[in-house]
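Open the model in your viewer and keep the selection panel at hand. We will go stop by stop.

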Amino acid sequence: MWCVRPIPLKVPPSATNPSFDAIVIGGGHNGLIAAAYLGRAGRRVLVVEKRELIGGCCVTEETWPGFRVNTAAYLVSLLQPRIIEDLELARHGYAVLPKDPAFFSPFPDGRCLFMWQDAARTLAEVAKFSARDAQAFSKYEHNLERIAGAFASTLMEPPPADIVAALAPKLTAEELKSFEKLLTWSVMDFLDEWFESPEIKVTLATDGFIGANGGPRSPGTAYILLHHMMGMVGGKRGLWGFVQGGMGAIPNAIAGSARSYGAEIRVNASVSRILIKNNEAYGVVLENGEEIAAPLVISDLDPPTTYLKLVEKGILPEEFTARIARYRTEGTSMKINLGLNGVPEFRSLPGGAGPQHRATIHICPSIEYVEAAWADAREGRPSRSPLLEMTIPTMYDPGLAPRGHHIMGVFLQYAPYTLRDGNWDDLRETVTERVLDLIEEEIPNLRKILVHRQALTPVDLERKFGITGGNIFHGELALDQMFAARPGYRSPIQGLFLCGSGTHPGGGVMGACGYNCAREILG
Ligand SMILES: Cc1cc2nc3c(=O)[nH]c(=O)nc-3n(C[C@H](O)[C@H](O)[C@H](O)COP(=O)(O)OP(=O)(O)OC[C@H]3O[C@@H](n4cnc5c(N)ncnc54)[C@H](O)[C@@H]3O)c2cc1C
């Protein structure tokens, strides 16, 4: 257990009469949410953000003139409804564009699979691959929706000591058994129990690979599937959506709300050290040497960055430091953003813009394909044929690019942060070219319409966003790093708190970490 015994908060002598009650290090969405709730409770809060813009991994940047790119995160679903309501995010500009169809998977034999918001349409699609799977599908969805709903009801609370016991009153015995499997099994073992068609299984399994340091048969990947199913958009559990104006509209809306409660937000303000005296935090030092005092310091940075880089060596208990050093943050993902001056044409569905352009597009033809991709990563090299998940936000929000142009986001598994040979700066170009080749097998006109590209390897993600190991969740989501086993909101230092995705309930644009941390502080 990481949870440190609650200590009553008091103002250390070194910080009497500071201008702020709390400083939040990092203007990612969780840091901003913590700031907004503290501001709402009457605290004077300052957020200091290293970059020139807020949002952390949830940003929209004008990467090329006229193209507003979701540099990292690209879809929303997990953002907690209570936060949206409490902080009046709609009033501050937040609007979701539900994704329909949810998925489009083309296969090498020319067939393709859509999954729609409309259940009957999806069933007809599934039946093209297996009548038996079409029969099982509704029950599968119902089962997962019930479990995800029950699980989601625990997210805005402290980590339960026993999650299975916590969900027992909310689920049937059969559902609870299924939940236990989701916590511990591999995504393929889980799906094998429900379906026979390899195409149906691999399409559903993709959510179990995104951000995972594991392959189709690695225990624990079934949980990653559940993690990606527990949100909702437009009242539909498991549905994802694009954000009007890009993902950066989320932190902007939260910042608008936080400012309305008096919070101050400074960009280009990188913290180099947390000030601590007699085991009490009393402020921060910026890279330019400026000291800012406050009796509360709340870090939106991941646990290793917070404790191993910003806290002076020797202050934290040795055993605590050793556990943080062992906390796993190996990233396995890469993001490639493309600017296009035309519409991608699909080999399997030729013609102009259609539903395939509005879906999450998978280049993930078989489980064997993912197994081979994962085998490469396990050996410390980028997958030669990686799993690709692609989205075209301009199909929903054309204003994100100049007229007639599009943006395509490509999320890639697996790109292991730690390479056995070579380094990512040398491999970036080779991997990107290989990815373009793979996409061209399905979208033959890709290179003809390609006008811009940006490739972010796990090392680039670490450099740009400060996420250790390029891990998109601020640390692996594995059972031994979840719930009370994930670093706690409180630290062993009085007045120093953690509010980022490295705390329970983990990564994604969810906001629960920031909310839970603020609640822990406010009591
Ligand atoms: C490539 C990629 C794709 C993703 N796709 C999705 C998706 O589609 N949907 C989804 O829900 N989730 C997605 N995620 C995960 C999600 O984006 C993150 O889990 C989430 O945004 C993290 O938010 P956070 O507030 O906890 O931390 P962060 O966003 O990491 O914020 C931390 C902030 O601290 C700042 N900072 C760092 N060091 C300092 C310092 N020394 N001083 C001051 N400030 C500092 C950083 O600049 C940053 O703004 C993705 C992540 C990545 C990387």
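This is a predicted model: local features need pLDDT of at least 70, side-chain atom pairs count only at pLDDT 80 or more; totals for chains, interfaces and linings use all residues.

Stop 1: Begin with domain 1 and domain 2, whose C-alpha centres lie 31 Å apart. Their contact takes 19 residues from domain 1 and 18 residues from domain 2. On the domain 1 side, select helix α18, residues 512–522. With three residues, α18 gives the most to the side of domain 1 that touches domain 2. That side of domain 1 divides into 10 nonpolar, six polar and three charged residues.

- Domain 1: 13–61 + 75–94 + 245–327 + 473–522
- Domain 2: 118–232
- Domain 3: 330–470

**Stop 2: from α18 to α1.** The axes of α1 and α18 come within 7 Å and cross at roughly 35°. Turn the view to see the handedness: this crossing is right-handed. Now show side chains. From α1, pick Asn30, Gly31, Ile33, Ala34, Tyr37 and Leu38. They meet Cys513, Gly514, Tyr515, Cys517, Ala518 and Ile521 in α18. The contact of α1 with α18 has nine nonpolar residues, three polar and no charged.

**Stop 3: α1 against α10.** α1 passes α10 in a left-handed crossing. On α1, select His29, Leu32, Ile33, Ala35, Ala36 and Gly39. On α10, the contact is made by Ile250, Pro251, Ile254, Ala255, Ser257 and Ala258. By class, the contact of α1 with α10 holds nine nonpolar residues, three polar and no charged.

**Stop 4: the ligand.** Which residues come nearest to the ligand? Of the 39 residues around it, select Gly26, Gly28, Gly56, Ala73 and Gly466. α1 gives the most, with three residues. Colour the shell around the ligand by class to find 19 nonpolar, 15 polar and five charged residues.

Finally, bring back the domain colours.

Conventions:
Residues are numbered from 1 along each chain as its sequence is written. A residue is near a molecule or strand if its C-beta atom, placed from the backbone, lies within 6 Å of it. Helices (H or I, at least four residues) and strands (E, at least two) are DSSP runs, numbered from the N terminus. Ala, Val, Leu, Ile, Met, Phe, Trp, Tyr, Cys and Pro count as nonpolar, Asp, Glu, Lys and Arg as charged, and the others, Gly among them, as polar. A crossing is left-handed if the near helix is turned anticlockwise from the far one by less than a right angle, and right-handed if clockwise. Two residues are in contact if their C-beta atoms, placed from the backbone, lie within 7 Å. Domain bounds come from an automatic or database domain assignment. Axes are lines fitted to C-alpha atoms, for helices over the stretch in contact, and angles run from 0 to 180 degrees between N-to-C directions.
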